[in-house]
Amino acid sequence: MTSDKPNDTELMTRLAAGDMSALGDLVRRHQDKVLSLSYRVLRDWHRAEDVAQETFLRVYRAAKHYKPKAKFTTWLYRIVINLCFDEQRKQAKTAVSLEEAGQAVLAESDCNAAERKEVAELVKTAVNELPERQRLAVILHRYDGLSHAEIGEVTGWTKSAVESLLVRAYANLREKLDKMKYFVE
Amino acid sequence: MKHVNDIELIEYVAGKLTASRDEEVREHIAACKECSERWREAAKMWNALGQWDVDTADHDVAERITALAKEAERGQQQHKIARDMQIGFLPAVVRVAASIIIAVGVGHQLGKYSVRGHTPRAAASENGPAYLAALGLEWSSELAWLILEDDSSNMGEER
C-alpha cells in the first residue's frame, strides 16, 4: 500500500503557491519535534511555544524562496536552534542543581508512575547541568536522533567538534547518573 | 586487540552503526572484558536518558500559527492592492500635470497669462483691435488667432 502523503518538499512547493493547508500539514507533522527540542533547550514551555510559533512563521515566509539543498528537517532544526540561541541570550538561566532536586535510589526494574516521573526529573536536571554546548549536542543526538554530520549542519560545528562534545557530555552524564545510583537493569 | 573507541561505542548503543560495523563491535564486546563493561555502563546511561520524555500534547500551536500566517497573507494582499491603485493612478496624474504645465507654458508664451496677471484687453471687431494698429500691424484673418475675446469683467484688471 503506497502512501499518498506529500513529502516536505512537496508541501513547501504548495505553500509557496499560496496553499495555506500545506502550512497546517507541515506544522502538524513537525510541531512535536520542534516543541520538544525547544523545551529541552530552553527549559520553559512558554518560550518553547514562542520559538515553535516563530519557527513555522519563518518557514511560511521563506516558502517562496525555499530550495531543498538539505533535508527539510535539518533546515527546520537550524531555525529552531538559532531561535533558541536568541531566547537564551534574553533569559536568565535558573538551573536547579542535583542536590536541590534530590536523589532517587532505584533498584527495582518495574517502577510506578510517580517514580518514573521523579527519575525523569533527575535525568532532566543532569542534562541541564551540562555545559551549554555539551547539553545541546546531547539533546540533538539522544532526543532528536541526529547524526554527527546533521548536528554539525544545524549548529555550524565541525564533525570532530560534535564528536568531542558528545564524548565529554556522555562521560559527564554517566558520572552524574552513577552518583544518583539510578540504573534500570 | 584494538578496543572500541568512546564515540563508536555510543553509536553502537544508539544503534547507528552500519550493519557490518555493528557486527564487528558486537563480536569484539563479546570477547573483550573491558569493552563489555564499558558497553554495559554506556547502555545504562543511554536507557536512563530515555526516561526524560517530553509530552507536547498540551502545547498544540498549529491553529495559532495558521491563523497568524493567514493574517499576514491578508495584510500582504491589502498592501498589494493599495500599491497597485497608486501605480494605476500615476499615469493619469502625470498626464493632467503635464497638460497643466503645457497650457501654462503656451499661454505664457502667447501673453495670455502674464506674470503679473494682467489680462490684455480683448476685442472681437472684424476690423481688428486698436493695439494691432499701434504695433504697426494691419488686420487680416491670419492674425485672428491673436485676437482675444472680449471679457469686460477682467479687462485690464490685475489678477
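**Notebook: a two-chain predicted model**

I began at B:Lys2 and located this residue in the segment before α1 of chain B.

I noted the conventions next. Residues are numbered from 1 along each chain as its sequence is written, and chains are lettered from A and ligands numbered from 1 in the order in which they are written. The model is predicted, so that local features need pLDDT of at least 70 and side-chain atom pairs count only at pLDDT 80 or more, while totals for chains, interfaces and linings use all residues.

**Entry: B:Lys2**

Is B:Lys2 buried or exposed? I recorded B:Lys2 as exposed, because 7 other C-beta atoms lie within 10 Å. The cut-offs, with C-beta atoms placed from the backbone, are 20 or more other C-beta atoms within 10 Å for buried, 12 or fewer for exposed, and partly exposed in between. I then looked up B:Cys32, which is 30 residues from B:Lys2 in sequence and 9.6 Å away in space, C-alpha to C-alpha.

**Entry: the two chains**

In chain B I found five helices and zero strands. Of its 159 residues, 11% count as buried. For chain A the record of elements gives nine helices and zero strands, and 36% of its 185 residues count as buried.

I also looked up contacts, meaning pairs of residues whose C-beta atoms, placed from the backbone, lie within 7 Å. Among contacts in chain A between residues at least 6 apart in sequence, 64% join residues at least 24 apart. The corresponding share in chain B is 60%.

**Entry: the nonpolar core**

How many residues does the largest nonpolar core have? It has 64, and those with the most contacts inside it are A:Val80, A:Val123, A:Ala137, A:Leu166, A:Ala169 and A:Leu173. α2(A) contributes the largest share of this core, 10 residues. Such a core is a set of buried Ala, Val, Leu, Ile, Met, Phe, Trp, Tyr and Cys residues joined through C-beta atoms within 7 Å.

Leaving aside residues up to four places away in sequence, A:Ala137 touches A:Ile151, A:Val162, A:Leu165, A:Leu166 and A:Ala169.

**Entry: α8(A) and its partners**

I looked up how α7 (132-143) and α8 (148-155) of chain A pack, and found an angle of about 130° with axes 10 Å apart. Axes are lines fitted to C-alpha atoms, for helices over the stretch in contact, and angles run from 0 to 180 degrees between N-to-C directions. That angle makes α7(A) oblique to α8(A). Angles under 35 degrees count as roughly parallel, over 145 as roughly antiparallel, 65 to 115 as roughly perpendicular and the rest as oblique. A:Leu136, A:Ala137, A:Leu140 and A:His141 of α7(A) make the contact with A:Ile151, A:Val154 and A:Thr155 of α8(A).

I then turned to α4 (72-90) of chain A, which packs with α8(A) at an angle of about 50°, the axes 8 Å apart. These two helices are therefore oblique to each other. Here A:Thr74, A:Tyr77, A:Arg78 and A:Ile81 in α4(A) meet A:Glu150, A:Glu153, A:Val154 and A:Thr155 in α8(A). By class, I noted three nonpolar, two polar and three charged residues in this contact. Ala, Val, Leu, Ile, Met, Phe, Trp, Tyr, Cys and Pro count as nonpolar, Asp, Glu, Lys and Arg as charged, and the others, Gly among them, as polar.

**Entry: where the chains meet**

I found 36 residues of chain A in contact with 24 residues of chain B. On the chain A side, α2, α3, α6 (113-128) and α9 (159-179) each supply at least two residues. α2(A) gives the most, with 11 residues. By class, this side of chain A has 22 nonpolar, five polar and nine charged residues.

One helix pair spans the chains: α9(A) and α1 (6-14) of chain B pack at an angle of about 75°, with their axes 9 Å apart. I recorded α9(A) as roughly perpendicular to α1(B). A:Glu163, A:Leu166, A:Val167 and A:Tyr170 of α9(A) meet B:Asp6, B:Ile7 and B:Ile10 of α1(B). This contact has five nonpolar, no polar and two charged residues.

**Entry: A:Arg43**

Where is A:Arg43 found? I located A:Arg43 in the loop between α2 (20-42) and α3 (45-62) of chain A. Its phi is near 65°, a positive value in a residue other than glycine. Most residues other than glycine have a negative phi. A:Arg43 counts as partly exposed, because it has 19 C-beta neighbours inside 10 Å.

Note on methods:
Helix = DSSP H or I, 4+ residues; strand = E, 2+ residues; numbered from the N terminus. Contact = placed C-beta atoms within 7 Å.
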